[in-house]
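Reader: I am new to this structure. Please take me through it in short steps.

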Amino acid sequence: MKTHTVRFKLAIVALGAAAVYSLSGCAEAPAKATPSTSIDAVKAPTRAMTFLPTRLQNKVAAEMCPVSPTTWHRENLSKLLEMANACVQVKKTDRLEDIANFMAQQFVIEPWGAFYLSVAAEQRHDLPRALWMIELALKKSPHGALFFYQRGRVHWQLNDVAMAVDDYNAAVKENNKLADAHLILAQFYTRANDMKSAEKHYQQIAELEPDNHV
């Protein structure tokens with residue numbers, strides 16, 4: 001259990017790469033709140049609105065994303081996670097998928113192969129596969145905050161807002177330091193005119209990222 005926890009933290013360190021993925025630009029201010037507090041009544045914001053800018057410089061990521069299988073077939077899981085995160089950043093989906101498949105085969109009981117296969121499928125806009133793979137990751141690790149976050153992203157893009165919000169709430173319940181999930185929830189609750197809930201998440205962002213002007 002201790003080893004699994006350490007491995008999970010290794011990927012959390014690079015959350016900017018794994019959670020924000022290929023998006024750029026700051027999240028814009030939420031639209032004017034609607035009078036309804038119903039989840040179904042709130043239109044899902046666009047992807048560009050809901051995620052923070054990448055925290056990992058693309059130049060650094062480009063150097064970490066391998067160009068040949070010989071550079072990762074002898075690496076341990078921690079190094080493979082770094083490589084996969086880097087490939088996410090620079091949108092090298094083919095290489096990301098190769099590494100994810102390798103992790104899935106070499107570390108069968110670990111959730112990371114399925115997780116990155118979900119990310120790769122999302123980058124290819126294959127949302128049904130992305131959802132299937134992240135469900136597999138959650139079966140392997142039912143309390144993985146990052147996996148709930150990824151499933152929320154997929155549900156959001158499928159316009160299943162209620163399921164997405166449930167997943168984001170589950171993500172911050174498992175790990176209250178996921179600032180990106182807090183930002184999405186804060187914007188959502190602002191739009192839903194639930195200011196008490198929105199304030200809670202904005203406050204959490206302010207504590208986690210004092211320099212976040214959003």
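Reader: Why are Trp112 and Phe115 separated by about one helical turn?

Author: This is a predicted model. Trp112 and Phe115 both belong to helix H7. They are three residues apart there, so the separation comes to about one helical turn.

Reader: What kind of aromatic pair do Trp112 and Phe115 form?

Author: Their ring centres lie 5.8 Å apart. The angle between the planes is 90°. An angle over 60 degrees counts as edge-to-face, so the pair of Trp112 and Phe115 is edge-to-face.

Reader: What kind of aromatic pair do Trp156 and Tyr168 form?

Author: The centres of these two rings are 5.8 Å apart.

Reader: Which helices does the pair of Trp156 and Tyr168 link?

Author: The two residues are twelve apart, and the pair links distant parts of the chain. Trp156 is buried, as is Tyr168. Trp156 sits in helix H9 and Tyr168 in helix H10.

Reader: How many of the residues of H9 are buried?

Author: H9 is largely enclosed by the rest of the structure. That follows from its count of buried residues, which is 13 of the 13.

Reader: How far apart are the end C-alpha atoms of H9?

Author: H9 has 13 residues. At 1.5 Å a residue, they should span 18 Å. The distance in the model agrees with that: 19 Å.

Reader: Which residue with a positive phi follows H9?

Author: Its phi is near 65°. The residue is Asn159.

Reader: Which residues touch the most other members of the largest nonpolar core?

Author: This core has 51 residues. Among the elements that give two or more residues to the core are helix H7 (112-123) and helix H9 (145-157). The residues with the most contacts to other members are Met103, Trp112, Phe115 and Tyr116.

Reader: Which residues do ring pairs link into a cluster?

Author: The count of aromatic pairs comes to eight. Ring pairs join four side chains into a cluster: Trp112, Phe115, Tyr116 and Phe147.

Reader: How many helices does the protein chain have?

Author: The chain has 214 residues, and 49% of them are buried. It has zero strands. Its helices number twelve.

How values were computed:
Residues are numbered from 1 along each chain as its sequence is written. This is a predicted model: local features need pLDDT of at least 70, side-chain atom pairs count only at pLDDT 80 or more; totals for chains, interfaces and linings use all residues. Side-chain values use heavy atoms; hydrogens and water are left out. Helices (H or I, at least four residues) and strands (E, at least two) are DSSP runs, numbered from the N terminus. Buried means under 20% relative accessible area, exposed over 50%, partly exposed in between (1.4 Å probe, protein chains only). A nonpolar core is a set of buried Ala, Val, Leu, Ile, Met, Phe, Trp, Tyr and Cys residues joined through side-chain atoms within 4.5 Å. The expected span of a helix is 1.5 Å times one less than its number of residues. Rings of Phe, Tyr and Trp (its six-membered ring) pair if their centres lie within 6.5 Å; planes under 30 degrees apart count as stacked, over 60 as edge-to-face and the rest as tilted.
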